[in-house]
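This briefing covers chain contact, helix packing and backbone geometry. Please consult the sequence and structure shown here first.

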2 protein chains.
Amino acid sequence: MVDILVRGGILVTMDPNRRVIKQGSVAIDGDRIVAVGEEIGEKADKVIDARGKAILPGLINGHTHLAMALLRGYADDMPLDKWLSEKIWPMEKMMRPRDCYVGSLLGSLEMIKSGTTCFADNYFHMDQVARAVKKAGLRGVLSYGMIDRGNRQKMKEEIRIGRSFVKSFQGKAQGRILTMFGPHAPYTCSTECLLKVKELAKRFGVGIHIHVAESREEVKLTVENYGKRPVEYLDSIGFLGPEVLAAHCVWLTEKEIEMLRTKEVKPVHNPASNLKMGSGIAPVPEMLSAGIPVALGTDGAASNNSLDMFKEMKLAALLGKVRKLDPTTMPAMKALEMATINGATALGLSNEIGSVEVGKRADLITVDLKRSHLTPMYDVVSHLVYSANGGDVDTVIVDGKILMEGGKVLTLDEEKVLELAQRTSDDLVSRAGGNK
Amino acid sequence: MVDILVRGGILVTMDPNRRVIKQGSVAIDGDRIVAVGEEIGEKADKVIDARGKAILPGLINGHTHLAMALLRGYADDMPLDKWLSEKIWPMEKMMRPRDCYVGSLLGSLEMIKSGTTCFADNYFHMDQVARAVKKAGLRGVLSYGMIDRGNRQKMKEEIRIGRSFVKSFQGKAQGRILTMFGPHAPYTCSTECLLKVKELAKRFGVGIHIHVAESREEVKLTVENYGKRPVEYLDSIGFLGPEVLAAHCVWLTEKEIEMLRTKEVKPVHNPASNLKMGSGIAPVPEMLSAGIPVALGTDGAASNNSLDMFKEMKLAALLGKVRKLDPTTMPAMKALEMATINGATALGLSNEIGSVEVGKRADLITVDLKRSHLTPMYDVVSHLVYSANGGDVDTVIVDGKILMEGGKVLTLDEEKVLELAQRTSDDLVSRAGGNK
């Protein structure tokens, strides 16, 4: 007798053989997957009928700022510096802990509804993000975003907050919350700050979540300040390593790609945000060819403006092709890998999540295939990447707990969260003195 | 007393002032919009409550091959020549009239569900496409796709079929079906064929739907054959004109953009297909800056693999920005214009559709905004372009007739169409001797 049996769907395992089982079932006991296959004899307390559905690992959003869901659509189509200084920063300055909580609830709701089960976050008031993650039932790898801009006093304060967060929250929510250190970027953090973080991450056995080489301006700044490009600079100070989650990585030379590879850095591609901010198209096919397991992220909802990883998978596949002007580049499976097993690898969780395999944690989703845009069925992976939307997700399970079934979220009151988010946004705008 | 009153939504009119009315209503009598505004006193036979929803013009898909919905996901990630010769053409050769009918029903269902009310199509067995359009209640501008490859006999036959289709179907389905001539492309049709089409289009008072400058290979071929690039060549033979709907237009010189502008050609941007086929990124910001009202299309579902115009709007906005590495390029409103009023202009229907204005045909949709990914509300146009999916569409009205209400399609039996499409695809695959 197991707890849950998900039965009779097209099972996209993402196991090392990338096995797809036409009529597959998954048995879950406690927080683990205990059986996977065509015929599972197990009886279960709860049976989920997955006929006409795909079963796949929960999607992993490798880089976001969850609470920014509250700022979705507040300002778009502006030059980056103006967007930040006139719109985003004034709002963020006014964001109280509760605003971050509500924004994170809203973002959690959107992630559950669109099939994301785990995400890597970098923001502030992270205790509030953790609170929302705990309530929503998601898995999160959270980091406090530090910026010192060369101010030593600020650095100490930032490190204090970041360390305190790691100490207090690592392993919380029955292990669903993990932590990292989150120095913002090589151009906003001092060398001393980065080296201190490197040391602390080692001491606490956690990763480091950082933005790297996002824009040409950043490259220019780093070259001006250090005589080196961002990845070169990080390599020269001994910062790079397998524990480094490097968001964006848009502007890389071949030499820098080689540095990322040899140091086993984990790049996270954020295609929609990179386009929307006018940053550029990251060399993802080049990194994948080099053997780097690039992960995939949405970035924050203010610069996307969506947390839907299905959209991101399609965009990643399409951009890889156009970058090379070659339709064979970045086949659908590569995009699905980025959003599942590569995401798990990037977060140091490849033994725990990212595929539907016996012994792994039960983080999985089903996608309803009985939709006009998913008909007829030739190749389920093609449909998941090129044709599906987050809205096609039917059921979401994290750590063996059902967060959504038949499109109905069980851990959050959807209507209440939407009302609360709108009210909180109205209040925030009036406090910031902004106009909607 | 009017027939329908759509009441109390955020009304995005797309009128010449791009007016957005926070609490707007639309009165419909017969097939026309008879009142638009904040307070409409009209009583109506049928009231549609649009509170919490956006009301906007139905989206216009400027270039597709509707019946190819049946081939969605049949083959992906292949070099274009191999994809065509080994996969798509063998299947198309086996496609009987009924297959095109079923594919078009499937595509119609997907378009209704994702808020597209009008589309421009280019394919074969076009009487069957017309039949599906009539049944679904959509508006379509249909053309038979001609290819002669310099064979005079073939040319005569193709022209005969194309002309017969225009003669028989122009204005059918209470005017919802319009026609064009559909010479495939400058590299697959002889000069004689193109000139004959030009003459016939003039005689019948209809447009011409053609693929232009889609890939670098096409440019190379045209230069080899005619010593000119595609648009230069079409200009030199006197083919260009305001009635020409030119799909793709990816590879253009400044001089060619100027030719398109002075001849008032109507380019249709197909961003997802252009990326997926590895064709390139079209110079849309450049064309728009030149004052060309570029429209937007999905292309066929085999090369996208979706007919969702919301996805296409987002992609068009994002690609415009990255092309210029400038986030101010292609603001959200520009993308929405491409999918509405520019589409209407491209199809010669700017007086009839493309905006919610008194006197225009009642082609409009509502989008449910009570979704986590559309919360909070700052700017409805931002949400429609950057955050919404086709799945958020609630109600669809074409020519004053309700095709979908509350997500339920009224003109087609959704379940039956899905079953029929799968059966038809299974049968087609077995006839084509292919493996799924």
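The notes below proceed from conventions to the chain contact and then to backbone features.

This is a predicted model, in which local features need pLDDT of at least 70, side-chain atom pairs count only at pLDDT 80 or more, and totals for chains, interfaces and linings use all residues. Residues are numbered from 1 along each chain as its sequence is written, while chains are lettered from A and ligands numbered from 1 in the order in which they are written.

**Chain contact**

**Backbone features**
- Most residues other than glycine have a negative phi, and most peptide bonds are trans.
- The bond between Thr375(A) and Pro376(A) is cis, with omega about -10 degrees, and Pro376(A) sits in the loop between β14 (364-368) and α14 of chain A.
- In chain B, the peptide bond from Thr375(B) to Pro376(B) is cis, with omega near -10 degrees.
- Met14(B), not a glycine, has a positive phi of about 60 degrees and lies in the loop between β1 (2-12) and β2 (20-29) of chain B.
- Met14(B) counts as buried because it has 24 C-beta neighbours inside 10 Å; the cut-off for buried is 20 or more other C-beta atoms within 10 Å, with C-beta atoms placed from the backbone.
- Asp299(B) has a positive phi near 65 degrees and, with 30 C-beta neighbours inside 10 Å, is likewise buried.

Key
Helices (H or I, at least four residues) and strands (E, at least two) are DSSP runs, numbered from the N terminus. A residue is buried if 20 or more other C-beta atoms lie within 10 Å of its own, exposed if 12 or fewer, and partly exposed in between; C-beta atoms are placed from the backbone.
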